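Here is a short briefing on one protein structure. Look through the sequence and the fold, then read the points below.

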Amino acid sequence: QVQLVESGGGLVQPGGSLRLSCAASGSIFSIASMGWYRQALGKERELVATITNVGSTNYIDSAKGRFTISRDNAKNMVYLQMNSLKPEDTAVYYCYADVIVSGSNYYYKYWGQGAQVTVSS
């Protein structure tokens, strides 16, 4: 019913930048929170950044000052601009969206397929 498709991952040197994008499509009535998680090899998934439908944002401490989350409500898209990247940012990044599906009264969480971000020299 709802699909999230990510793009923009890749290999970057320390100090570099990447921008992740995530597009939601399908039977969407409305979207509340959107955001990004990441999971490094051998570690648990952690919440990186969130943004509400009115633009309120939150970040994990390690991302503050370096990452910026934004969204385009008209296009059902969320973005993560990552600057000053560090090797410890290496992970698979997953977007999510809390969606009210058309014809439903409940929010469901949907996930993107994951985008590999590798920070290495």
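**Two strands to start with**

S3 and strand S8 (residues 77-82) pair in the antiparallel sense, over six bridges. Two strands count as paired if DSSP finds at least two bridges between them. Helices (H or I, at least four residues) and strands (E, at least two) are DSSP runs, numbered from the N terminus. This is a predicted model: local features need pLDDT of at least 70, side-chain atom pairs count only at pLDDT 80 or more, and totals for chains, interfaces and linings use all residues. Residues are numbered from 1 along each chain as its sequence is written, and side-chain values use heavy atoms, with hydrogens and water left out.

**Strand S9 and its partners**

- Which strands pair with S9? Strand S4 (residues 28-39) does, antiparallel, over nine bridges.
- In that pairing, tryptophan 36 stands opposite cysteine 95 in S9.
- Strand S10 (residues 107-111) also pairs with S9 (residues 91-101), in the antiparallel sense and over five bridges.
- Tyrosine 96 is bridged to tryptophan 111 in S10, and valine 99 is bridged to tyrosine 108 in S10.
- The hairpin of S9 and S10 has five residues between the strands, and glycine 103 there takes a positive phi near 90°.
- Strand S11 (residues 115-119) runs antiparallel to S9 and is joined to S9 by three bridges.
- Valine 92 has glutamine 116 in S11 as its bridge partner.
- S9 is mostly covered, with 10 of its 11 residues buried. Buried means under 20% relative accessible area, exposed means over 50%, and partly exposed lies in between (1.4 Å probe, protein chains only).

**The disulfide**

- How many disulfides does the structure hold? The structure holds one. A disulfide is a pair of cysteine sulfur atoms within 2.5 Å.
- Cysteine 22 is joined to cysteine 95, with an S to S distance of 2.0 Å.
- This pair links distant parts of the chain: cysteine 22 is in strand S3 (residues 18-26), cysteine 95 is in strand S9, and they are 73 residues apart.
- The link of cysteine 22 and cysteine 95 is right-handed, with 55° about the S-S bond.
- Cysteine 22 has a relative accessible area of 0%, so cysteine 22 is buried.
- Cysteine 95 is buried because its relative accessible area is 0%.

**The nonpolar core**

- The largest nonpolar core has 31 residues. Such a core is a set of buried Ala, Val, Leu, Ile, Met, Phe, Trp, Tyr and Cys residues joined through side-chain atoms within 4.5 Å.
- Trp36, Leu80, Met82 and Tyr93 have the most contacts inside this core.
- S1, S3, S4, strand S5 (46-51), S7, S8, S9 and S11 each supply at least two residues of this core.
- S9 gives the most to this core, with six residues.
- Methionine 82 is in contact with residues including Leu18, Leu20, Phe67, Tyr93 and Val117, leaving aside its neighbours within four places in sequence. Contact means heavy atoms within 4.5 Å.

**Arginine 38**

- Is arginine 38 buried or exposed? Arginine 38 is buried, because its relative accessible area is 5%.
- Arginine 38 is found in strand S4.
- The side chain of arginine 38 makes a polar contact of 2.6 Å with the side chain of glutamate 46.
- Another polar contact, of 3.4 Å, joins the side chains of arginine 38 and serine 62. A polar contact is a pair of N or O atoms within 3.5 Å; within protein, one must be able to donate a hydrogen and the other to accept it, and residues adjacent in sequence count only if both atoms are side-chain atoms.

**Tyrosine 110**

- Tyrosine 110 is found in strand S10.
- Its relative accessible area is 18%, so tyrosine 110 is buried.
- The C-alpha atoms of tyrosine 110 and tyrosine 96 are separated by 5.5 Å, and the two residues are 14 residues apart along the chain.
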